[in-house]
Amino acid sequence: MNHPTLRAQAMILPLILVTTLLAATDSAQFISDELGLTLNLPPHAEMVRRAGDEGESSYLFRDGSAAPNWSLRIDSAATTATETDACLREILESRVHPDHLPKTLNPVHLNLGGRDAGVLWLPVPAGDGKEALLGWMVAPQALGRCLVIGVVTTPDASPALMEALDGVFMSVELLDLAEGSTELKKDYAAGEKALKLLTEDTLRSLVGTTHTIRIHNPSASDHGELGYGTIEVTEAPKSVLQTIPRPSSNPDETGLLVTTHLRLVGDAESQTYIDRVQRCWVSWDLSNEAWVDTATERQGDHRTSTSEIGVREPASTSMPRGQLLVVRENGDHGIRSSSTLVPMAPWLPRALRWHVWDPLDQSAPRRTAWNTWDDSTATPRITIRRDRWTSPQTCASWSGINGLPTILDFDGRGHWKQANRPGGTVIERSDRETINKAWNRAGLRLR
């Protein structure tokens, strides 16, 4: 199907016909729950900045080929505009020199699952008598924000490259609301079905499970050891978490308790370590849960402690969707903050983050989505986790601010054995002998 190129803006550039979209086999798919979108990346794309890293709020990709020809930035910006054209004008006025903006903008409009988006290509001076070619996509979102995708290349870029960059814009899907995304709505329904398969009997099959895990980066230039620990699954009453901030209506209710002990390398040179203990409890019917997550940074005799307590209460007449209370505290500074959020269905309990698939067989849905707690950000928030099985033993999982998936590998019995994280980090089931040898070889302190 022929489609006029998105670069045909007021005859700024000659009209080029785009006869095919960027094939999925030629590019990687980028999915961000933080920004609420998915798109196809151009070939040879390399991520050089991730939202959430050191306070960054945008993703940045660059051409990873031998002769780089483009860069791509994706972020969500505050805006006072609600209409696409006004939003585009506001964004360009804040990011492009006023001398380089045309008086009239004539963007190409695209329909992103019921939401309007505008695309504009604009040549601008780049110094030394050269020019750069800027491509922009703007799509109004909710709560005074808009999605912004910016591409930088050169006017003499090859037709194949320009077609690939056009393909970025044309592949965008917004995933921020289930009502606005048919695919996400289907994934939510599948996630709800998977949770219903987790009966008390299937959950009890996890009791007694204990894993020793190793966290490392095999491609790191140094030793590559990042952490180790254990994950243990037991049966316990809710009262085992004695520090929850409010009394439970049934403290003796039994459920699944997942306890994780981790030692993470903060800084090997200064012998700084973080000892983290997570105790996550969930009722057999998954209707309520609680967790206590404490982390202590140790450098010699110096200690710095932080903690997070979470309590999710079941739905009731006064709270039809239930309620999630999260309390965070910095022990050194005595700073305590609390947040109350509404957990949306389907909800994946924190205790099942690593174990949701272990008790299920191949009859469970192979593509799912759940709402869940995001512990990767400083600001308390709920996020979406999406799991997509690519083979009987491989599952790609997106969660939180991670724009690229974690690849989960399972053994022949369907039990999780390894997670390959973006950036090269590997979390794998291991044993103490292997970990002891690796840490001693690297000169790290086990305890």
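**Notebook: rings, sheet and helices**

I started at Arg388, which lies over the face of Trp398, 5.4 Å from the ring centre. I took a charge as sitting over a ring if NZ of Lys or CZ of Arg is within 6 Å of the ring centre and within 35 degrees of the ring normal. Arg263 also has its charged end over a ring, that of Tyr273, at 4.7 Å from the centre.

I note that this is a predicted model, where local features need pLDDT of at least 70, side-chain atom pairs count only at pLDDT 80 or more, and totals for chains, interfaces and linings use all residues. Residues are numbered from 1 along each chain as its sequence is written, and side-chain values use heavy atoms, with hydrogens and water left out.

**Aromatic pairs**

I found 10 aromatic pairs in the structure. Rings of Phe, Tyr and Trp (its six-membered ring) pair if their centres lie within 6.5 Å; planes under 30 degrees apart are stacked, over 60 edge-to-face, the rest tilted.

I looked up Trp354 and Trp416: a tilted pair, 4.9 Å centre to centre, with 55 degrees between the planes. Trp354 is in the loop between strands E20 (335-341) and E21 (367-374) and Trp416 is in strand E25 (residues 416-420), so the pair ties together parts 62 residues apart in sequence. Strands here are DSSP runs (E, at least two residues) and helices likewise (H or I, at least four), numbered from the N terminus.

Trp354 is partly exposed at 29% relative accessibility, whereas Trp416 is buried at 2%. Buried means under 20% relative accessible area, exposed over 50%, partly exposed in between (1.4 Å probe, protein chains only).

I also checked the cluster of Trp357, Trp370, Trp389 and Phe410. In it, Trp357 is buried at 3% and Trp370 at 0%.

**Sheet and helices**

I traced an open sheet of seven strands in the order E5-E6-E7-E11-E10-E9-E8, paired antiparallel. Strands pair if DSSP finds at least two bridges between them. E5 (45-49) and E8 (108-112) are the edge strands, each pairing on one side only. Eight bridges join E10 (residues 130-140) to E11 (residues 145-153). Leu133 has Thr153 as its bridge partner in E11.

Helix H2 (residues 159-170) lies across E7, E8, E9, E10 and E11, at about 175 degrees to E11. Contact means heavy atoms within 4.5 Å. Axes are lines fitted to C-alpha atoms, for helices over the stretch in contact; angles run from 0 to 180 degrees between N-to-C directions.
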